[in-house]
Amino acid sequence: MNLEALKIEFVQEFLKLQSEEAVSRLEKILRKEKNASDERIFEPMTKEELNKRIDKSESDFRNNRFKNSSELLAKYE
């Protein structure tokens, strides 16, 4: 079932509810999910932030403060 069909089915079941408490709980869940979603909104870096990150990365590399791919893979095996 695709997302649109799930939404329609949910709304149909929601409209059948007779319990104010159940509606209130679902409303709280919806608000909580919306707030969590709003927090995940991507905020792009400014050019200055990007350039600082590039400078730090280049400095870290020059000073051997990095891990190669085999070291990273070993960590998760």
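Helices here are DSSP runs (H or I, at least four residues), numbered from the N terminus. This is a predicted model, in which local features need pLDDT of at least 70, side-chain atom pairs count only at pLDDT 80 or more, and totals for chains, interfaces and linings use all residues. Residues are numbered from 1 along each chain as its sequence is written, and side-chain values use heavy atoms, with hydrogens and water left out. The protein chain averages a pLDDT of 89, where pLDDT is the predictor's confidence in each residue, from 0 to 100.

K7 pairs with E4, their closest N and O atoms being 3.7 Å apart. These two residues are three apart in helix α1 and so are separated by about one helical turn. E13 pairs with K16 at 3.3 Å, again three residues apart in helix α1. K16 is exposed, with a relative accessible area of 56%, whereas E13 is partly exposed at 44% (buried means under 20%, exposed over 50%, partly exposed in between, with a 1.4 Å probe and protein chains only).

Elsewhere, R65 forms a salt bridge with D60, with the closest N and O atoms 2.8 Å apart. D60 is buried, at a relative accessible area of 15%. A network of salt bridges links K56, D60 and R65.

Notes. Salt bridge = Lys/Arg side-chain N within 4 Å of Asp/Glu carboxyl O.
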